[in-house]
Amino acid sequence: MVARLAPRWCLRALRSPLQVIGFPSLQLHMSGIAMRASQEDFENALNQVKLLKKDPGNEVKLKLYALYKQATEGPCNMPKPGVFDFINKAKWDAWDALGNLPKETARQNYVDLVSSLSSSSESSNQVQPGTDRKQQEYENLVVTSEDGITKITLNRPTKKNAINTQMYQEIILALKAASNDDSILTVVTGNGDYYCSGNDLTNFMDIPPGGVEEKAKQSAVLLRDFVGSFIDFPKPLIAVVNGPAMGISVTILGLFDAVYASDRATEMLIFGKKLTAGEACAQGLVTEVFPDSTFQKEVWTRLKAYSKLPKNAMKISKQVIRNMEKEKLHAVNAEESSVLQERCLSDECINAAVNFLSKRAKL
Ligand SMILES: CCCCC/C=C/C(=O)SCCNC(=O)CCNC(=O)[C@H](O)C(C)(C)COP(=O)(O)OP(=O)(O)OC[C@H]1O[C@@H](n2cnc3c(N)ncnc32)[C@H](O)[C@@H]1OP(=O)(O)O
């Protein structure tokens, strides 16, 4: 296993404007704005947006953005962005075009629009036949249940399973679903040659109207919620580390109940230092290392045997152990998220991410 110093994540918009118009729903989720009459419908719509299978395109995303802003903040009274600030100007124009549309109407229009988008993609949300039952469609995950095991597979192999903003949300949702399903164990693994290359460094190119400070704040909330969902996960949680692991995907390994790594999982990034799977095992970060040639077979044989153990006894054992430290874990998580909010505005962080992104821009 090789590990290397991770560039931190980026706060600059470098891509073309139309590529970086993000879904607006997260902002509401994070800002905690109180809704009145149709709050529930609106919140459901916000969740549905995150699960859309197909990118609805920039025009629709701009409409969603504008309706969301109108529904939560009312008419646009922000200063108009400069002519070269393409993304924020497109967003501002879409919002401003709604004029004095009442908040309630904007909320209703948002719900209707999402509903029309969801129904058009419903035909592809079909449960797969066979014993390996697909539970729900996600854009960046494959979640299946079989033999009492829910398997959450990080599924962006062409990006080494880097976690983008939507994927953070999907993992939170998938963990929530797994905590309530019939499974005994939950497994997280990666598709392709990597387990996960950590935070997607393009996440922070989508800067909201509030600027980089607002983006940093949103990211800190997202990180806190993401890590919190691992802290609170009530059942045995196993990481099957099929390949290199970096950044946040390594940081959270300590919150799993067991971590099985292939000896080909030869990049594990922690403390800016390369660690082999064996070294990570010696440090207690990995439970056991298996030869790559037999990794999947050995690990899944073992997990299937574990899944036959008494369900409630395992769950209760985990909860007893976790409850002893839960409060402290949440306190540390809150502290780390707040430090991250500050650090992501640092030159060190921005430069590292810009370096990575400039290299891949193939200028
Ligand atoms: C909510 C906030 C949380 C903040 C806290 C989290 C912090 C972290 O997780 S820090 C760690 C961040 N990750 C990294 O620094 C890794 C960056 N990636 C790399 O160093 C390399 O890509 C590699 C070592 C993972 C793989 O190198 P290589 O085998 O040479 O493959 P490529 O570089 O060509 O990658 C293929 C493809 O994947 C894209 N990609 C890989 N990792 C990321 C990433 N983390 N973010 C965004 N994109 C990533 C890479 O750009 C290539 O894409 P294309 O150019 O489109 O082919």
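## Serine 183 and its surroundings

The side chains of serine 183 and aspartate 181 are joined by a polar contact of 2.5 Å. A polar contact is a pair of N or O atoms within 3.5 Å; within protein, one must be able to donate a hydrogen and the other to accept it, and residues adjacent in sequence count only if both atoms are side-chain atoms. This is a predicted model: local features need pLDDT of at least 70, side-chain atom pairs count only at pLDDT 80 or more, and totals for chains, interfaces and linings use all residues. Residues are numbered from 1 along each chain as its sequence is written, and side-chain values use heavy atoms, with hydrogens and water left out.

Serine 183 sits in the loop between helix 6 (165–180) and strand 4 (185–190). Helices (H or I, at least four residues) and strands (E, at least two) are DSSP runs, numbered from the N terminus. Is serine 183 buried or exposed? Serine 183 is buried, at a relative accessible area of 4%. Buried means under 20%, exposed over 50%, and partly exposed in between (1.4 Å probe, protein chains only). Leaving out residues up to four places away in sequence, serine 183 touches Gly148, Ile149, Thr150, Ala178, Lys235 and Lys311. Contact means heavy atoms within 4.5 Å.

## Helix 6 against helix 7

The axes of helix 6 and helix 7 come within 9 Å and cross at roughly 30°. Helix 6 is therefore roughly parallel to helix 7; angles under 35 degrees count as roughly parallel, over 145 as roughly antiparallel, 65 to 115 as roughly perpendicular and the rest as oblique. Axes are lines fitted to C-alpha atoms, for helices over the stretch in contact, and angles run from 0 to 180 degrees between N-to-C directions.

Residues of helix 6 in the contact include Tyr168, Ile172 and Leu175. Among those from helix 7 are Leu222, Phe226 and Phe230.

## Helix 7 against helix 12

Helix 7 (residues 211–231) also packs with helix 12 (residues 326–343), at an angle of about 160° and with axes 8 Å apart. These two helices are therefore roughly antiparallel. Helix 7 brings residues including Ala220, Leu223 and Val227 to the contact, and helix 12 brings Leu329, Ala334 and Leu340, among others.

## Valine 250 and the whole chain

Valine 250 lies in helix 8 (residues 248–251). Valine 250 is buried, with a relative accessible area of 2%. Its C-alpha atom is 10.0 Å from that of valine 286, 36 residues apart along the chain.

The chain has 13 helices and nine strands. Of its 363 residues, 48% are buried.
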